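Please look at the sequence and the structure first.

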Amino acid sequence: VQLQASGGGLVQPGGSLRLSCVAPGRILTNNAMGWYRQSPGGPRDLVATLPRGSSPHYADSVKGRFTVSRDNAQNMVYLQMNELSPDDTGVYYCNAVPPLDHYWGQGTLVTVSS
C-alpha cells in the first residue's frame, strides 16, 4: 500500500492548487502526516507537518502560503497551496512524519510557470 498524492499540474505564478492524498486509516490515526517536496535535481524536503492533536507547522519557504489539513473520516490529507512561485515547482509526496519508507508513492508533479 502506498500513499497516493494527486492534484498537481501546471499553474501560473501567483496561482493556487490543492493537493490530496489518500492514506490508510491506520496511518492517519497513528502518525503525524506531512507533505514533502522534491525540486528538480534536489533532495526531498518536508514542507508541511500536521501532528496529531496539535497545530501544523511549515517550512519557512511556504509559511503563510500553504495550509495542510486532514480528514480522518475520509482517510485524506490535503495541501492547499496559494501564491505559488516557480520555486514551488517539484514533485509533492505525502507520508508520515517521520516518513514510512514502504509508503512512498509516486507523488504528484506541480509546475509553476508562465
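## Salt bridges

Aspartate 60 and lysine 63 form a salt bridge, with their closest N and O atoms 3.1 Å apart. A salt bridge here is a side-chain nitrogen of Lys or Arg within 4 Å of a carboxyl oxygen of Asp or Glu. Aspartate 60 counts as exposed because its relative accessibility is 66%; buried means under 20% relative accessible area, exposed over 50%, and partly exposed in between, with a 1.4 Å probe and protein chains only. By this rule the count comes to three salt bridges.

The model is predicted: local features need pLDDT of at least 70 and side-chain atom pairs count only at pLDDT 80 or more, while totals for chains, interfaces and linings use all residues. Residues are numbered from 1 along each chain as its sequence is written, and side-chain values use heavy atoms, with hydrogens and water left out.

Arginine 65 and aspartate 88 meet through their side chains in a salt bridge of 2.8 Å, N to O. Arginine 65 lies in the loop between β6 (57-58) and β7, and aspartate 88 in the loop between β8 and β9, so the pair ties together parts that are 23 residues apart in sequence. Strands (E, at least two residues) and helices (H or I, at least four) are DSSP runs, numbered from the N terminus. Arginine 65 counts as buried because its relative accessibility is 14%, and aspartate 88 counts as buried at 2%. Salt bridges that share partners join Arg37, Arg65 and Asp88 into one network.

Aspartate 88 also forms a salt bridge with arginine 37, where the closest N and O atoms are 2.9 Å apart. Arginine 37 is in strand β4, so this pair ties together parts that are 51 residues apart in sequence.

## The open sheet

Four strands make up an open sheet in the order β1-β3-β8-β7, with antiparallel pairing. Two strands pair if DSSP finds at least two bridges between them. The edge strands, β1 (4-6) and β7 (66-71), each pair on one side only.

Strand β3 (residues 17-22) pairs with strand β8 (residues 76-81) over six bridges. Leucine 17 has methionine 81 as its bridge partner in β8.

## The nonpolar core

The largest nonpolar core has 28 residues, and those touching the most other members include Met81 and Tyr92. Such a core is a set of buried Ala, Val, Leu, Ile, Met, Phe, Trp, Tyr and Cys residues joined through side-chain atoms within 4.5 Å.
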